[in-house]
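Please keep the sequence and the structure at hand while reading.

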Amino acid sequence: MSSASTHPIEIVRQHHSIHRIIKEILAELDWLREHPERVGSTWDMPVIIESFRDAARRHFEFEEVGGPFEIALADPNEAEEARGLIEDHRMIEARLCRLLAEMDGVKMPELTVEQCFDSEIRAVIALMGEHEAQERALFARVCTMQD
Ligand SMILES: [Fe+2]
Ligand SMILES: [Fe+2]
């Protein structure tokens, strides 16, 4: 089937575009740490997190239909790990939605609240990194098995 060869390539392309958004978020977090005097003014973080959430959502939907995930789910040795990775998708998406709901607007919050956002955003990004590493290993196994 034609999608079997193009699907992994598109997944890698989507990972790269998500990495670009993550780099933008980390740069913004670093900038905010260095500029605490900006508290109360407008900030870009909700818009950037929203683009992260939307890109991740589209990516997860694409990833879960066809391609390596479908192969993994049909394999008794890989299905449990594949299901765990799909649970990660739901958790990452839910945490990004909660962050967006809590950000509630375009004004930078007080420093203590901003620090809570900082640690949660960094935690979600770390989880995304661990998820992708596990996913890459799974995809390499099932795509090799398919050849
Ligand atoms: Fe994934
Ligand atoms: Fe992925």
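Why does Glu 70 count as partly exposed? Glu 70 has 17 C-beta neighbours inside 10 Å, so it counts as partly exposed. The cut-offs are these: a residue is buried if 20 or more other C-beta atoms lie within 10 Å of its own, exposed if 12 or fewer, and partly exposed in between, with C-beta atoms placed from the backbone. Glu 70 sits in helix α3 (residues 67–73). Its C-alpha is 8.7 Å from that of Ala 82, twelve residues away along the chain.

This is a predicted model: local features need pLDDT of at least 70, side-chain atom pairs count only at pLDDT 80 or more, and totals for chains, interfaces and linings use all residues. Residues are numbered from 1 along each chain as its sequence is written, while chains are lettered from A and ligands numbered from 1 in the order in which they are written.

**Overall layout**

The protein chain has five helices and zero strands. Helices (H or I, at least four residues) and strands (E, at least two) are DSSP runs, numbered from the N terminus. From that end, the order of elements is α-α-α-α-α. The C-alpha trace spans about 55 × 25 × 20 Å along its principal axes. Of the 147 residues, 20% count as buried. Take the contacts with a separation of 6 or more: residues 24 or more positions apart account for 84% of them. Two residues are in contact if their C-beta atoms, placed from the backbone, lie within 7 Å.

**Helix α4**

Helix α4 covers residues 79–103, 25 residues in total. From first C-alpha to last, α4 reaches 36 Å, close to the 36 Å expected at 1.5 Å a residue. That expected span is 1.5 Å times one less than the number of residues. Its buried residues are Ala 82, Leu 85, Ile 92, Leu 96, Leu 99 and Met 103. Arg 98 is also found in α4. Arg 98 counts as exposed because it has 12 C-beta neighbours inside 10 Å. After α4 comes Asp 104, with a positive phi near 45°.

**α2 against α4**

The axes of helix α2 (residues 45–64) and α4 come within 10 Å and cross at roughly 160°. Axes are lines fitted to C-alpha atoms, for helices over the stretch in contact, and angles run from 0 to 180 degrees between N-to-C directions. The two helices are therefore roughly antiparallel, a term for angles over 145 degrees. Residues of α2, including Ile 49, Phe 52 and Phe 60, meet residues of α4, including Ile 92, Leu 96 and Met 103. The residues of this contact divide into 13 nonpolar, one polar and five charged. Here Ala, Val, Leu, Ile, Met, Phe, Trp, Tyr, Cys and Pro count as nonpolar, Asp, Glu, Lys and Arg as charged, and the others, Gly among them, as polar.

**Ala 56 and Ile 18**

Ala 56 lies in α2. Ala 56 is buried because 20 other C-beta atoms lie within 10 Å. Leaving aside residues up to four places away in sequence, Ala 56 touches Ile 18, Ile 92, Glu 93 and Leu 96. Ile 18 belongs to helix α1 (residues 3–34). With 18 C-beta neighbours inside 10 Å, Ile 18 counts as partly exposed. With the same exclusion of residues up to four places away, Ile 18 touches Ala 55, Ala 56 and His 59.

Some C-alpha to C-alpha distances follow.

| Pair | Apart in sequence | Apart in space |
|---|---|---|
| Arg 98 and Ala 82 | 16 residues | 25 Å |
| Ala 56 and Ala 133 | 77 residues | 15 Å |
| Ile 18 and Glu 93 | 75 residues | 13 Å |

Note on methods. Parallel < 35°, antiparallel > 145°, perpendicular 65-115°, else oblique.
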